[in-house]
Amino acid sequence: MRRRKSVTNALAQHALETITSEKIQVSNFQNAVKGFLRHCRIKGLSPDTVKFYDKELKQTGRALAEINAPLLDIRKIKTSHIEQFIDINKV
């Protein structure tokens, strides 16, 4: 049991390092969406679910562009951008 646990820990650590390095590289909205959809496919979500997410995220990107949110560097998106996004998308 001890070996299995150490292998599991090593895999988890490798996955964390990979995710962390990918987060540093992902800075624009389009790359973030691509990474998220890739993660969904790897996770085994149905193709219809991934397609739905893709469609919704494209719409979200257009709405964020309308309010001039910084899509080229998503780390600069502020609470005020999210509040504007929510306000204009209220039904």
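The model is predicted: local features need pLDDT of at least 70, side-chain atom pairs count only at pLDDT 80 or more, and totals for chains, interfaces and linings use all residues. Residues are numbered from 1 along each chain as its sequence is written, and side-chain values use heavy atoms, without hydrogens and water.

Helices are DSSP runs of H or I with at least four residues, numbered from the N terminus. N28 occupies the loop between α1 (2-25) and α2 (29-43). Its side chain reaches the backbone nitrogen of N31 at 2.7 Å. Beyond its neighbours within four places in sequence, N28 is in contact (heavy atoms within 4.5 Å) with L71, L72 and I74.

Helix α3 covers residues 47-66; at 1.5 Å a residue, its 20 residues should span 28 Å, which agrees with the 29 Å between its end C-alpha atoms. The expected span is 1.5 Å times one less than the number of residues. V50, G61, A63 and L64 are the buried residues of α3, where buried means under 20% relative accessible area and exposed over 50%, with a 1.4 Å probe and protein chains only. Seen down the helix axis, these buried residues fall within an arc of 160 degrees, so they line one face of α3; the arc is taken from the directions from the axis to the C-beta atoms. They pack against α2 and α4 (79-88). On the other side of α3, D48, K51, K55, R62 and E66 are exposed.

Just after α3, N68 adopts a positive phi of about 60 degrees. D73 is placed in the loop between α3 and α4 and is buried, at 18% relative accessible area.

Terms used: Helix = DSSP H or I, 4+ residues; strand = E, 2+ residues; numbered from the N terminus. Polar contact = N/O pair within 3.5 Å; in protein donor to acceptor, adjacent residues only side chain to side chain.
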